Amino acid sequence: MTTLLDVFATPRNAKSRTQKLRKAFLAGYQEAHPGFVHLELDLSAEHASLPAFDEWDIEAKFSVMYGEGKLDETTAKRWDRLTQLTDQLHAADALLITAPMWNFGVPWMLKRWIDCVVQGRLTFEFVNGGFNGLLKGKRAIILTTRDGAYAPGTPYAAMDFSVPYLRTVLGLIGYAPIDAVIAEPMVMGGPEVGATALEKGILEAGALGRVS
Ligand SMILES: Cc1cc2nc3c(=O)[nH]c(=O)nc-3n(C[C@H](O)[C@H](O)[C@H](O)COP(=O)(O)O)c2cc1C
């Protein structure tokens, strides 16, 4: 049975445009993978339960990575929470990430999750002076919307630190192929352009979901 890990950072919930892409993708995915195992991680609701990478979490990371000492009970508990998150990636056949652009990057709760799951030994390793991702053979899909427009070759292309960044970190930990649906501009071109771009994005997301 196929397992999909569905991670989303869309605090506007029912009002979220990006959620419309997610719904379309999931409907398509259900057609292609009837009865798939659906692991949902709503980062707007659950971010507070993730390690925050303060002093203690960083200590834990270095203890685990470089054997610099034993974890005390509290730190071990937080490290366990982190490995639950990386275990989810290993358990799933595919990863769906749904998030709007925020200040040219990703929403902070998604960054918090990335800081937890991109971990030496757990999701990547260093081999022969290079990176080796440990999630090879798994597909990733990125769904996003934004008010401006940042397509390659256009004036604001260099300001997109969201999709290129997600492609980089997901590629680092082994995901391939990585597909993205970018619905833009939601606002910059006026309401009609925005509505058309969103409709197009919804169709693209549904089609990507149906890929088996
Ligand atoms: C905190 C915040 C920061 C944003 N930053 C950008 C930005 O840098 N560039 C952009 O084009 N749109 C930006 N937007 C607009 C959103 O990306 C856009 O409205 C998106 O469609 C919202 O998705 P949602 O409806 O799923 O929340 C920002 C919105 C918020 C709330």
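The accessible surface of this protein comes to about 10,600 Å², by the Shrake-Rupley method with a 1.4 Å probe, where for residues only the protein chains shown count as cover. Carbon and sulfur atoms hold 58% of that surface. A word on provenance: this is a predicted model, local features need pLDDT of at least 70, side-chain atom pairs count only at pLDDT 80 or more, and totals for chains, interfaces and linings use all residues. Residues are numbered from 1 along each chain as its sequence is written, and side-chain values use heavy atoms, with hydrogens and water left out.

Now the fold. There are seven helices and seven strands. These are DSSP runs, numbered from the N terminus: helices are H or I with at least four residues, strands are E with at least two. The order along the sequence is β-α-β-α-α-α-β-α-β-β-β-α-β-α. The C-alpha trace spans about 60 × 40 × 35 Å along its principal axes.

Next, aspartate 6. It sits in strand β1, residues 3–8. Buried or exposed? Aspartate 6 is buried, at 0% relative accessible area. What does its side chain meet? A polar contact of 2.7 Å joins it to the side chain of histidine 38. Such a contact is a pair of N or O atoms within 3.5 Å; within protein, one must be able to donate a hydrogen and the other to accept it, and residues adjacent in sequence count only if both atoms are side-chain atoms.

On to charges. The structure holds eight salt bridges, each a side-chain nitrogen of Lys or Arg within 4 Å of a carboxyl oxygen of Asp or Glu. One of them pairs arginine 22 with aspartate 6, closest N and O atoms 2.7 Å apart. Arginine 22 is in helix α1, residues 17–32, and aspartate 6 in strand β1, 16 residues apart. Both residues are buried.

Another joins arginine 146 and glutamate 184, also 2.7 Å, N to O. Arginine 146 lies in the loop between β6 and α6, glutamate 184 in the loop between β7 and α7, 38 residues apart. Both are buried. Shared partners also join Asp6, Arg22 and Glu40 into one salt-bridge network.

Last, the surface. Phe104, Tyr156, Met159, Phe161 and Met188 form a nonpolar patch, about 490 Å² of accessible area together. Patch residues have over 30% relative accessible area and no salt bridge; like charges are joined within 9 Å, nonpolar side chains (Val, Leu, Ile, Met, Phe, Trp, Tyr) within 5 Å. Methionine 159 is partly exposed, at 31%.

Definitions and conventions
Buried means under 20% relative accessible area, exposed over 50%, partly exposed in between (1.4 Å probe, protein chains only).
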